[in-house]
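Let's walk through a protein model together, one piece at a time. Have a look at the picture below, and then we will start with a pair of neighbouring strands.

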Amino acid sequence: MSNKILSVRGLSRIHGVQCPLCISSTGPEHDTNMCPHCGSVVAAHDVNFDLYRGEILGIIGESGSGKSSTVKTLYFDEAPTAGSATFYDGGMQHDMFALNAAQQRSMRNKRFGMVYQNPHLGLNFQISAGGNIAERLLMSDLKHYGEIRTRAGDLLVRTEVARARMDQNPKTFSGGMQQRVQIAKALATQPPLLFLDEVTTGLDLSVQAAILDLILEIQHELGTAMIVVTHDLGVIRLLAGRTLVMKHGRVIESGLTDQILEDPQHAYTQRLVASAL
Amino acid sequence: MNAHYELPLEDAGYSFGFLDEYAKKEVRRCILKAISIPGYQTPYASREMPMGRGFGTGGLQLTLSLIGADDTLKVIDQGSDDSVNAVNLRQFVQLTCPGVEVTEKTQKATLIQSRHRIPEKMLTEQQILVLQVPYPDALVVVEPSEARRKVMHGEADYSRLLVKLYEDVVRFDEITISHRYPTRLNGHYVIDPSPIPRWDVPRLHQSPALVLLGAGREKKIYAVPPYTVAEPLVFDDIAFRVEDFRDANGKRIACRCCGSTVSFLDELIDDAGNVTHQCSDSSYCEEQQETISARKQA
């Protein structure tokens, strides 16, 4: 049990006014996530899972299934409507949604990392690639210029971006390189927990493979726990040990990835697996 | 202004210091709050003054709220008592605050209103320095939304300012901010110390005099209370440095009038293109000259 890093219980995120019928009239069995009575959107409801050190958890589902909403609430991008999340760090337990804004910001900057599908969300395109990584290091109170330079350079080399391009603007980088800079930025503070939101979507296949390789290497080297959100079964098969399948804001199936892919129980999962090429 | 000008009779009912007593009371309250929270930008109801915003109305409202008949006022603009802005503000105070003495000597003043300089002479606990501020928020260069800047100040989140310094060092091998250097008070709030040159920033640190900063257009008052820790934002391994007044041979340039080699200098270029330097603080320069001539006579 001491290996547990994150424990999520009853996590919900509902957009809109909410009525007592919201929960009972949405979900996969009603084939919608929008409440017919009040128009609220149940983006995610009653999400439960545990995450252990060095483990990769996959969340798969079609768009609008609530997989990104789940990760966004955990990264404090959005506030949850209900539920709790406990982060276990260095022998301490943190009730994540009970922390104040400054504590949440500090946890987000120092203990979590996020890689977005769109590099424009994760990177500041007004400053250099090195500056982007420096920002994370400065947030975690490292104020030594020489050390920031060395660490930023090392991180870029680790994610296979040439050190010589460190002082260039990421605008001039290819999509794959921008994604690598994002990963380097996310790893800057050596966080125990990393969120990956559709990291390979929109990249060409060879670049996708290289990025996935990099993610696996990082997991082996640093033992970083990750939550990988994707709609791509291949990514799940390659990365995730355990998987949650989401549809219309609910988790419809969860378990070992192999088990889900080889013996899907829910009709949606069966269709999903059958449709994969 | 005409020296013989008097307010028209029907307007002569202005209270002492132009502002009415309620306005002064409000400003004083905000000053107390600003002193209690060093560096916090206290909002206040900046009044319309009979001059354009941006001409020192923030500083003037502080001065008018603080000044009493037994005060001695000095007004400077970029170190000089004779600049247009300084002369106008001084005459306005003389007009509206009967009995107030004005002076050009730094040590004689109890209240000093200044634009863009801190006097060379060390201020004392008996003095108050009022600085005129155009842009009160140091974070404005990295975050356009004031609501978000307020949150950043509250959480002491200044990493993005430091990223700007980082980018400067990467591109130019040094920090390129010449004035309005972001300065941290008591390890929390970062202030924009008004457009004083870097030269003056170290003199905010542990200053015996109270320093008040007023932004009229932006409606903010903040303070550096006496003996407050004021540190310019820097990296651990790159020291803060002030303006370098050495010539090509590495020799410190002296003021052409008083010969001082320890003061902040203005660069003057005459019609022939010759470059000379002169103390920016005219009161300091004159005093040096008097000392020299007194020594010659003796």
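In strand 2 of chain A, A:A44 is the bridge partner of A:R13. Strands here are DSSP runs of E with at least two residues, and helices are runs of H or I with at least four, numbered from the N terminus. Two strands count as paired if DSSP finds at least two bridges between them.

Before going on, a word about the model. It is predicted, so local features need pLDDT of at least 70 and side-chain atom pairs count only at pLDDT 80 or more, while totals for chains, interfaces and linings use all residues. Residues are numbered from 1 along each chain as its sequence is written, and chains are lettered from A and ligands numbered from 1 in the order in which they are written.

Strand 1 of chain A also pairs with strand 4 (residues 82-89) of chain A, antiparallel, through five bridges. Here A:V8 stands opposite A:A85.

Now find the open sheet of six strands in chain A, with the order 6-7-8-3-9-10 and mixed pairing. Which strands form its edges? They are strand 6 (112-115) and strand 10 (250-256), each pairing on one side only. Within chain A, strand 3 (residues 56-60) and strand 8 (residues 225-230) run parallel, joined by five bridges, and A:G58 stands opposite A:V228.

Next, turn to chain B. Its domain assignment gives domain 1 (9-143 + 146-232) and domain 2 (244-298); such bounds come from an automatic or database assignment. The C-alpha centres of these two domains of chain B lie 27 Å apart. Their contact takes 14 residues from domain 1 and seven residues from domain 2, where contact means that C-beta atoms, placed from the backbone, lie within 7 Å.

Finally, how do the two chains meet? The contact takes 14 residues from chain B and 17 residues from chain A. On the side of chain B that touches chain A, seven residues are nonpolar, one is polar and six are charged. In this count, Ala, Val, Leu, Ile, Met, Phe, Trp, Tyr, Cys and Pro are nonpolar, Asp, Glu, Lys and Arg are charged, and the others, Gly among them, are polar.

Key
Contact = placed C-beta atoms within 7 Å.
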